[in-house]
Amino acid sequence: MTNKEAFKQAKEFIPGGVNSPVRAFGSVGGEPLIIDHGEGAYIYDIEGRKYLDFIQSWGPLIFGHCDKDIEDAVINSVKNGLSFGAPTLNETVLAKMVCDKFENIEKIRFVSSGTEATMSAIRVARGYTNKDGLIKFEGCYHGHSDALLIKAGSGATTYGNASSGGVPQDTVKNTHLAIYNDISSVEKIFNSGAQIGAVIIEPIAGNMGLVPAQKEFLAALRELCDKFGAVLILDEVMSGFRASEFGSLPFHGVKADLVTFGKVIGGGLNVAAFGGKAQIMNCLSPDGAVYQAGTLSGNPVAMSAGIAALSKINSNKNLYAKLENLARKLTDGFKDAAKSVGIDIQTDVRGSMFGYFFTSKPVRNYEDALKSDTKMFAKFHAAMLKRGVYLAPSQFETGFICEPMNESDIEFAVNAAKEAFNEIKNG
Ligand SMILES: *Cc1c(COP(=O)(O)O)cnc(C)c1O
């Protein structure tokens, strides 16, 4: 079967043919590859073609596909049973691994997706502060729970409108939208008298393309939260164990009240988590009044994958330096190749995360990101795919380097980029 045939069949039974919309390649106008298997830094589609994978399942696979240690841990765990819905030792092992690493995380609870982690963190923050107001930033993504699916409203109001069908305006009426890297937009909301219980932000935004928060901005945000008694939630579902072994922390030094994790923390299986100060986390049921639960939360197989991934991170002290070096080589290569044919590009790197925008000015927030040339992006994406390089099919996603990648893989991608930009410019 070809990719095309398989995708057509999928569309008959699955809305849009996919179980998560970005996979449909809609924003670059192509059709998705149907994946057969992966190996290290590469994936293979059902037509037997091989691609260098810079998506890595959208972040989780920092050790690439079929890592032997994670695979062994999962297989061993499977043999003991898939799920019990009762406590197992591995939950505490993984919880302790995270709490030992972060001074500001005293307790942590595991869930099955990043969506659940942020939704639950916001609930416990509101329960703790007894205030309903929530601030989120335009361009940041925190999963698909109702209260977070908002876009900018019209005029001067900071209230947003639902950005998805099926989300009642009532459920977003307590969500206030602020501008990333713009502290005055946050001050305005706090000073308006809105009773803000929680502020949620991606400290390294990865869902509008890669846009890191400036250090001074995050420090000022921390101060505002303290002044007004709001819980600061850093959403590190993507940046956690990706930007560095301590997530975004080394880049700005700001400690959150609550942190959310996902992606890498599950080593490729369905794990996410939220954790933070004990006095907040103790508000959760069964000790406190804030309800939160999950049939497969802390699943033993998933825990074993997470423990294996974090153990490898802990024992490989050069990991992030190596990945960052490769990410820089890649983005420098993209930049040189684009500039040599007169194409505007902006690039950035945070550990194993990389981003590139086709625009002439630096990108600091969502409005800046929207100014990039998405038609150019679509052409570049198609030209790279043709040459065996699998990049995220949207200008507003982040790319990932994985541990099995080496210098020659990066050279391969940079050479492909040179050819791609030449083809775009000169036909
Ligand atoms: C991926 C992501 C989420 C959502 O996680 P899911 O597991 O897809 O629900 C939330 N926040 C951030 C920052 C993410 O990158």
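**Close-up views of a predicted model**

**View 1. The interface between domain 1 and domain 2.** About 2,400 Å² is buried between domain 1 and domain 2, and carbon and sulfur atoms give 65% of that area. On the domain 1 side, Phe63, Tyr320 and Arg350 lose the most area to domain 2. Together these three make up 25% of what that side buries. The contact involves 30 residues of domain 1 and 32 residues of domain 2. The centres of the two domains, taken over C-alpha atoms, are 26 Å apart. Domain 1 is made of two segments, 3-66 and 318-426, while domain 2 covers 68-315. The model is predicted, not experimental.

**View 2. An aromatic cluster.** Eight residues form one aromatic cluster: Phe54, Phe334, Phe354, Tyr356, Phe358, Phe377, Phe380 and Phe421. With ring centres within 6.5 Å as the cut-off for a pair, the model has 20 aromatic pairs. One of them joins Tyr356 and Phe358. Their ring centres are 5.9 Å apart and their planes meet at 80 degrees, so this pair is edge-to-face. Tyr356 and Phe358 are both buried.

**View 3. The Phe358 and Phe421 pair.** The ring centres of Phe358 and Phe421 lie 6.0 Å apart. Their planes are at 75 degrees, so this pair too is edge-to-face. Phe358 sits in the loop between strand 16 (353-357) and helix 12 (366-370). Phe421 belongs to helix 14 (residues 407-426). The pair therefore ties together parts that are 63 residues apart in sequence. Phe358 has 3% relative accessibility, so it counts as buried. Phe421 has 0% relative accessibility and also counts as buried.

**View 4. Lysines over aromatic rings.** The charged end of Lys50 sits over the ring of Tyr42, at 4.5 Å from the ring centre. The charged end of Lys101 sits over the ring of Phe246, at 5.2 Å from the ring centre.

View 5. An unreviewed UniProt entry annotates Lys263 as "modified residue: N6-(pyridoxal phosphate)lysine". Lys263 is placed in the loop between strand 13 (258-261) and strand 14 (272-276). Its relative accessibility is 24%, so Lys263 counts as partly exposed. Setting aside neighbours within four places in sequence, Lys263 is in contact with Trp58, Gly59, Pro60, Val237, Met238, Gly268 and Val271.

Conventions
Residues are numbered from 1 along each chain as its sequence is written. This is a predicted model: local features need pLDDT of at least 70, side-chain atom pairs count only at pLDDT 80 or more; totals for chains, interfaces and linings use all residues. Side-chain values use heavy atoms; hydrogens and water are left out. Rings of Phe, Tyr and Trp (its six-membered ring) pair if their centres lie within 6.5 Å; planes under 30 degrees apart count as stacked, over 60 as edge-to-face and the rest as tilted. Buried means under 20% relative accessible area, exposed over 50%, partly exposed in between (1.4 Å probe, protein chains only). Helices (H or I, at least four residues) and strands (E, at least two) are DSSP runs, numbered from the N terminus. A charge sits over a ring if NZ of Lys or CZ of Arg is within 6 Å of the ring centre and within 35 degrees of the ring normal. UniProt positions are given in the numbering used here, feature names are shortened, and annotations may be inferred rather than shown by experiment. Contact means heavy atoms within 4.5 Å. Domain bounds come from an automatic or database domain assignment. Buried area is the accessible area (1.4 Å probe) that two parts lose on being put together, summed over both.
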